[in-house]
Structure formats: C-alpha cells, structure tokens
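Subject: Structure for you to look at, with notes

Dear colleague,

I am passing on a structure that will be new to you, and my notes follow directly below it. Please read them with the structure open beside you.

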Amino acid sequence: MKKIIIVGGVAGGASAAARLRRLDEEAKIIIFEKSAYVSYANCGLPYNVGGVINDEDDLLIQNPQSFYDRFRIDVRINSEVIALDSQNKKVKIKNEDDTYDESYDYLILAPGSKARKMYENEDKLGHLKTVEDLHQVKKHLENAKRIAIIGGGFIGIELAENLIKIQKEVSIFEYADHIMPNLDDDIVYYLERELRRNNIDLRLKARISNIEIKDDKYIIHLNDEMQEFDYVIVAAGVMPNTEFLESSGIALNERGFIITDEYLRTNLDNVYACGDAIINKNYITGNSDVIALAGPANRQGRIIADNIYGLKNKYDGSIGTSIIKLFSLSAASTGLNTKRLDAMKYDYETIRVHPYSHATYYPNAKIMHAKLFYDLKTLKILGFQAVGKDGIDKFTDVIATAIKLNAKVTDLSRLELAYAPSYLSAKSPANYLGFIAENIINGLEEFVSVDEALKDGNIILDVRDEDEYALGHIENSINIPVDELRDRLDKLSRYQDSIIDVYCEVGIRAHIAARILKAKGYKVRNISGAYLSYKAQ
C-alpha cells in the first residue's frame with residue numbers, strides 16, 4: 001500500500017488527491033494544509049467582498065469531513081509542513097498543539113504562493129489570498145470608506161469593481177505604466193478607461209515609498225505627495241511558498257520556485273510538485289516559465305496522480321490563457337504578448353481586428369477589439385488578446401484551442417463554428433483573422449502599424465465618410481470616402497510614386513480601398529487596426 005503525502009490543498013493538491021483515490025482505492029493519502037480551509041475557490045474571493053457571491057460557503061469546495069466521506073482521504077488542516085527530510089522520506093509538521101514527523105512513499109508539493117511583502121508594516125495591511133485574508137478584509141471594510149488598492153493585476157482590478165458595488169471610494173496604485181501586464185497597451189486602454197468611467201481613481205507609475213499607519217488612518221507616501229485612506233489592500237504580486245524547502249536538497253531556481261521535469265518530478269526520488277510554486281515549461285516557447293493559474297494547477301495535480309499510479313502522463317506546458325471581468329467589459333489573453341515577443345526576438349506579424357460579437361443586424365451586437373500574433377516563418381499562432389462587452393470568452397477559447405493544437409494562422413479561415421444571428425456571424429471573428437493572414441501571406445495586402453505610418457511620413461488616406469472624418473481622424477490624413485474613391489482618383493494622381501497608407505474605422509473599407517488603389521498601380525499599405533486602434537494607442 002502506497003503512502004502519499006500532499007503538502008497543500010486548494011487547486012493542485014486537492015486535484016491530485018481526488019484523482020489518486022479514483023485510481024487507487026487502497027493508497028493511504030494525507031493532505032497537510034496550513035490554513036483552516038483545504039479546498040476553496042480563491043479566484044472567487046473578491047466577489048464575496050462585493051456580495052456577488054453572497055454566501056462564503058459557496059466558495060468552499062471540500063472540507064476535511066467531505067474529503068473523508070467521499071474519498072477516505074485524511075485531511076489535516078492548520079498543519080504546516082516546516083521541513084523535508086528526503087533521505088529518510090519524512091516531513092516535519094507543525095500544528096496548533098504539536099510538532100511531529102510523518103513518513104511517505106510519495107510526496108506531492110503543492111504549497112502555492114503567498115503575498116509578496118513590500119512594506120515594513122505589511123502585516124497590518126490587507127491581502128486577499130486566503131479565506132482568512134477575506135475575513136480580515138471584510139472586518140476592516142465595515143468602518144472604512146476610502147480604500148487604496150496597491151497593484152493593478154487580476155485581484156486588484158476585480159477587488160476594485162467589487163468595492164464600488166458596496167459604495168466604497170477606491171483608488172488603485174500601479175507601479176508600472178499600465179495595469180494588467182499580460183495585455184498590450186492598446187488593449188488595456190479600454191480597461192483603464194472603464195475603471196475611470198466607474199469613478200475609480202487610477203494612478204499609474206505610482207512610486208509608493210512608505211505606508212504610515214496613524215490614528216487608524218493609512219497614509220500613503222506617493223512620489224512627492226501624501227494621501228490618507230481608511231484601509232489599504234496590497235495586491236501587488238505573489239511569491240512561492242517554498243522557504244521550508246531551502247535546506248531540503250530540492251532544486252529551486254533563483255526566485256525560489258520548484259524546478260520540475262515534464263512529468264512534474266523534482267530532482268528528488270518520488271517527490272513531485274505542482275501549482276503556483278513551480279517553474280515549468282511555456283508551451284509556445286519551450287522555455288521555463290512561471291504561469292500561476294488555477295486551470296494549469298488542476299491539470300498538473302491530475303497528471304502527478306497518473307504518474308504515481310504508473311500511467312506516464314506528461315505535462316506539455318501552459319499557454320497562460322486568462323480572462324478578467326470589469327464592470328461591462330471582459331478582457332482575455334492567451335500566449336505571448338508584444339513585450340515578450342520583442343524580448344525573445346520573434347519574427348512575427350500582428351493582426352488587429354474589431355469584429356462584432358454576433359451578426360450586426362441582430363439586436364445588441366457588441367464590438368470587440370482584438371489582436372493576434374503569428375510567426376512569419378512557421379505561421380504558428382503565438383498569442384492573442386481581446387477586450388469587449390460580449391463574446392470575448394468564446395473568441396479567446398477558439399484561439400487558445402488552435403494554439404494548443406499547433407494550428408497555423410491560416411487554419412483559422414477553415415474553422416466551422418456554430419452560427420446563428422444571435423450567437424455569431426456567418427464569418428466568425430476567428431475566420432476573419434485567418435482571411436487577413438492569407439491576404440498578407442499571398443501578397444494581396446500589406447499592413448503597417450499606426451506608429452510606423454506616422455513615422456514614415458507617407459500619404460495617409462482616410463476612406464471613411466466625411467461625417468466620421470469630421471468627428472476625429474489621424475493627423476495630416478486626407479479624406480476620400482471609399483464609395484467615391486474610383487471617381488476621385490485624380491486627387492491622388494500626384495502620389496502615384498509614393499506609398500499611400502489607408503485606413504477606415506475598423507479595417508474592412510480600407511481593405512476594399514487598398515485593392516482598388518493597388519489595381520490602379522498605387523503602392524498602398526493598410527494601417528493595422530484602423531482608426532479604433534489609433535484612438536486606443
């Protein structure tokens with residue numbers, strides 16, 4: 001009979017335990033969880049703050065008794081593993097009353113992550129990583145009106161929305177140039193605008209030197225000013241919970257993440273690891289990466305259980321697919337963003353589109369803003385981002401699936417997706433990405449970014465209607481509506497030897513104009529993303 005110890009519950013550890021029991025009815029399985037909650041939806045914590053998820057019990061997936069009743073798994077809460085003795089195959093556990101050793105045949109490390117400590121009085125500031133954190137935050141919010149959130153990542157943004165729901169005054173302080181580092185500037189722009197539209201004070205490039213607590217007030221020393229709040233919540237990143245492994249002989253990288261192989265084995269015999277505390281493979285690049293998301297953690301736990309049972313299951317890496325809701329908007333991404341592609345010196349093409357969530361003649365069609373990256377040599381899809389009010393999850397999941405199946409960008413034009421006017425257009429947004437890529441690859445169209453077009457100083461042609469042009473346009477552009485273009489080509493005759501960069505609102509009319517001009521012998525480029533991308537940029 002195998003004895004398997006699991007350090008940590010929540011996503012990876014709890015998934016491993018349940019899968020192990022389904023595979024092996026006789027194994028002795030023990031989960032040690034240092035908090036009082038072994039399996040809960042930590043991604044749902046901000047929504048309990050705002051009352052969207054009103055009952056805290058709805059966030060609790062399993063408890064020690066339910067684990068035992070269904071799986072005969074021994075769950076020991078409030079029990080922290082403080083040391084690993086791999087030579088003797090033992091772990092040391094500290095609970096409320098005692099310290100003791102427990103032996104193992106197999107060990108699964110799923111210790112997760114913890115809030116990064118940034119300030120001297122961090123213990124007096126709020127965090128939102130565990131259920132215990134949730135209790136502390138809700139207690140402090142009872143008598144607090146002005147709330148500061150430090151950090152503009154997933155938790156910080158979701159928390160801001162939920163604090164607005166309970167009538168708090170909210171400020172977000174983000175150290176970087178923009179919130180949500182997984183998104184490019186021209187996509188995240190829409191989220192930042194949505195925050196400000198909902199009366200959230202968003203401070204970018206915020207350099208906080210100190211947080212002072214005085215007479216129950218929290219004083220933030222920001223750049224050259226001070227601001228006073230009733231409460232401060234820090235959501236500025238996490239670090240792996242691996243201090244207890246530092247003298248164990250287990251291989252950690254320079255940031256303290258556990259190093260694993262493709263089977264999620266560590267360098268120690270019969271010791272596996274999963275979840276937020278590990279560094280593993282990026283599916284696209286093949287390089288080591290840290291991708292702390294619930295989906296990958298759950299899959300990793302299942303794969304470890306398979307391997308302990310003897311099924312030989314490999315973890316092929318993560319592409320980092322994620323989505324966030326913010327008031328009326330959703331934003332999602334998968335794969336690599338511009339910053340990472342440039343840093344890794346990929347030779348890639350960017351496609352920008354602004355499709356609708358379903359057929360425009362059916363009521364309530366909502367515009368989306370999206371961009372896709374593909375490798376110019378292999379045509380493999382490298383990344384994708386989208387933001388909008390409807391259809392973002394579906395659009396992103398299609399592209400994420402294509403990436404995982406190693407599809408080429410041209411394969412998107414061949415996808416056959418569920419169409420009805422209320423759900424999609426006959427040519428889906430994913431199809432359009434494939435059509436555009438095929439036009440580029442076949443030499444039918446050349447795209448240029450807004451920045452390049454402005455820098456190159458070529459003729460910029462706006463082919464929207466005159467009333468659209470009057471409401472706003474790219475600087476120094478000339479306006480000839482696409483339906484009048486064939487009859488007014490004389491206006492462009494002096495530019496026959498020049499490059500004309502053409503744009504419209506979303507790109508469709510500009511494509512038609514480009515084909516007309518090209519047929520007449522003009523050198524023409526289509527401005528990627530059209531006027532909407534210019535506005536966002």
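Tyrosine 362 is placed in the loop between β25 and β26, where helices (H or I, at least four residues) and strands (E, at least two) are DSSP runs, numbered from the N terminus. With a relative accessibility of 39%, tyrosine 362 counts as partly exposed, because that value falls between the limits used here (buried means under 20% relative accessible area, exposed over 50%, and partly exposed in between, with a 1.4 Å probe and protein chains only). Together with Tyr361 and Tyr419, Tyr362 forms a nonpolar patch on the surface, and the accessible area of these residues comes to about 370 Å². Patches are made of residues with over 30% relative accessible area and no salt bridge, like charges being joined within 9 Å and nonpolar side chains (Val, Leu, Ile, Met, Phe, Trp, Tyr) within 5 Å. The accessible areas come from the Shrake-Rupley method with a 1.4 Å probe, and for residues only the protein chains shown count as cover.

Before going further, please keep in mind that this is a predicted model, in which local features need pLDDT of at least 70 and side-chain atom pairs count only at pLDDT 80 or more, while totals for chains, interfaces and linings use all residues. Residues are numbered from 1 along each chain as its sequence is written, and side-chain values use heavy atoms, with hydrogens and water left out.

The loop between β25 (348-353) and β26 (368-375) also holds lysine 366, which is partly exposed at 31% relative accessibility. Lys366 belongs to a patch of positive charge on the surface, where it gathers with Arg193, Arg197, Lys389 and Lys535. A negative surface patch is formed by Asp465, Glu466, Asp467 and Asp483. Of these residues, aspartate 483 lies in the loop between β30 (478-479) and β31 (499-503), and its relative accessible area of 71% makes it exposed.

A search of the whole structure finds 29 salt bridges, a salt bridge being a side-chain nitrogen of Lys or Arg within 4 Å of a carboxyl oxygen of Asp or Glu. One of them joins glutamate 161 and lysine 325, whose closest N and O atoms are 2.4 Å apart. Glutamate 161 lies in helix α5 (residues 154-165) and lysine 325 in strand β23 (residues 322-326), so this pair ties together parts that are 164 residues apart in sequence. Glutamate 161 is buried, at 0% relative accessibility, whereas lysine 325 is partly exposed, at 36%. Salt bridges that share partners also join Lys3, Asp74, Arg76 and Glu102 into one network. Aspartate 101 pairs with lysine 92, with 3.1 Å between the closest N and O atoms; aspartate 101 is partly exposed at 39%, and lysine 92 is partly exposed at 32%. In the salt bridge between aspartate 123 and lysine 117 the corresponding distance is 3.6 Å, and here aspartate 123 is exposed at 71%, as is lysine 117 at 52%.

Two points concern the backbone. Asparagine 78, in the loop between β5 (74-76) and β6 (80-85), has a phi near 50°, a positive value in a residue other than glycine. Lysine 89, in the loop between β6 and β7 (90-94), likewise has a positive phi of about 50° although it is not a glycine.

Finally, for the overall picture, the protein has 14 helices and 32 strands. Its radius of gyration is 27 Å, close to the 24 Å that the globule rule gives for 537 residues, so the protein is as compact as a globular protein of that length (the radius is taken over C-alpha atoms, and the rule is 2.2 Å times the number of residues to the power 0.38). The C-alpha atoms fill a box of roughly 90 × 60 × 45 Å, taken along the principal axes, and 53% of the 537 residues count as buried.

Technical notes:
Lys and Arg count as positive and Asp and Glu as negative; His and the chain ends are not counted. The place of a charge is taken as NZ of Lys, CZ of Arg, CG of Asp or CD of Glu.
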